[in-house]
Amino acid sequence: MKVLIVPVILALLAGCATAPKGPQIDTTYNAKGQSSRARFLVLHYTVSDKPTSIKILTEQQVSAHYLLTDDPQPIIYRLVDETRSAYHAGVSSWKQYTQLNNSSIGIEIVNAGWKDTPQGRVYAPFPQAQVDALMVLVKDIVQRNGIAPENVLGHSDIAPLRKQDPGPLFPWARLAQEGLVLWPDANRVALVRPIFDAILPDVAWFQRKLAAHGFGIQQTGMFDKQTITVLSAFQMKYRPSDISGNMDAETATLLEVLTTPANAPLPVVTPPVITSPVPALPPATAPVPVVPETAPAPAAPVPLPNPATPAPVPTPATPATPLPAGPANPAVVNTP
């Protein structure tokens, strides 16, 4: 009898050990109305070497879903599952979306970033093997999650006033060749460029176009620091040869093409209104000359007084009879 009891007890214990601890989920059905949590893919550089990048991204609060190394044969580390949020975007926005940690996948790329030198700011290049590995990773992510090319972004796109990564040497054009990122049509650029070569829009136009493209920029109507910084972020991606943040015809053309449907008519640019400063008024004691519309007839010459003849004694004048007011007697006002 004891021999039979022992196997029964062992079987019960084994059953308890394998019994599910949570609720039992039936996965028979799968809803049609669903999509990936990830709407955006955001690319960064680490501004540090491989060991430091791993340490920061695994032991500190900042994180990313993937880390791509700069080894001769690059390694792709997955640090956060794509179903979970990584803390890589920070305070961020793109079009109507904000706080993009919850709706994006982040890739950190081992790269030294930039350093200031006597010759100016110098950015670190991306090795070809690293770029090739990145293309494979980006393709896989966007295909699985259905991320549109206009939502493959740099950190400088979603936080231009804080971040510059992945910088002007990042191979955005290579991503465009692979169909992975939004890019201006070359034929339309050639058609539009002469319009902006002839007339450059004002700063309000640039701010509206930058906002339409997706940047979070205040519409101040002034060529202020934020406008220069956001223009520079745009140029890093689409015109990296000059990232000064200046308003120029090439930048205007790229903005127009990227924010306007391909079948739309060519833009009509209104020249910016240039207001001249108002001249200062003359002192109050100085009379302002009034130029009549029609020159009056010359007055009769007045003879000069003869010093030998005594001056006549002035006689009080008879008060003039006031004229009735009316259209025939308009009041004359001298404007100061």
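Visitor: Is Phe206 buried or exposed?

Guide: Phe206 is buried in this predicted model, with a relative accessible area of 0%. Buried means under 20% relative accessible area, exposed over 50%, and partly exposed in between, with a 1.4 Å probe and protein chains only. Residues are numbered from 1 along each chain as its sequence is written, and side-chain values use heavy atoms, without hydrogens and water. Because the model is predicted, local features need pLDDT of at least 70 and side-chain atom pairs count only at pLDDT 80 or more, while totals for chains, interfaces and linings use all residues.

Visitor: How many aromatic pairs does the structure hold?

Guide: The structure holds eight aromatic pairs. Rings of Phe, Tyr and Trp (its six-membered ring) pair if their centres lie within 6.5 Å; planes under 30 degrees apart count as stacked, over 60 as edge-to-face and the rest as tilted.

Visitor: Why is the pair of Phe170 and Trp172 edge-to-face?

Guide: Their planes stand at 65 degrees, so the pair is edge-to-face, and the ring centres are 4.7 Å apart. Phe170 is buried at 5% relative accessible area, and Trp172 is buried at 3%.

Visitor: And what about Trp205 and Phe206?

Guide: Those two rings have their centres 5.1 Å apart and their planes at 80 degrees, so this pair is edge-to-face. Trp205 is buried, with a relative accessible area of 14%.

Visitor: Which residues form a cluster with Trp172?

Guide: Phe126 and Phe170 form one aromatic cluster with Trp172.

Visitor: Which residue lies over the face of Trp172?

Guide: Lys237 lies over that face, at 4.5 Å from the ring centre. A charge sits over a ring if NZ of Lys or CZ of Arg is within 6 Å of the ring centre and within 35 degrees of the ring normal. At Trp114, the charged end of Arg121 sits over the ring, 3.4 Å from its centre.

Visitor: Changing topic, why is strand E6 largely enclosed?

Guide: Six of the six residues of E6 (residues 104-109) are buried, so the strand is largely enclosed by the rest of the structure. Strands (E, at least two residues) are DSSP runs, numbered from the N terminus.

Visitor: Which way do its residues point?

Guide: Ser104, Gly106 and Glu108 point one way from E6, and Ile105, Ile107 and Ile109 point the other way.

Terms used: Helix = DSSP H or I, 4+ residues; strand = E, 2+ residues; numbered from the N terminus.
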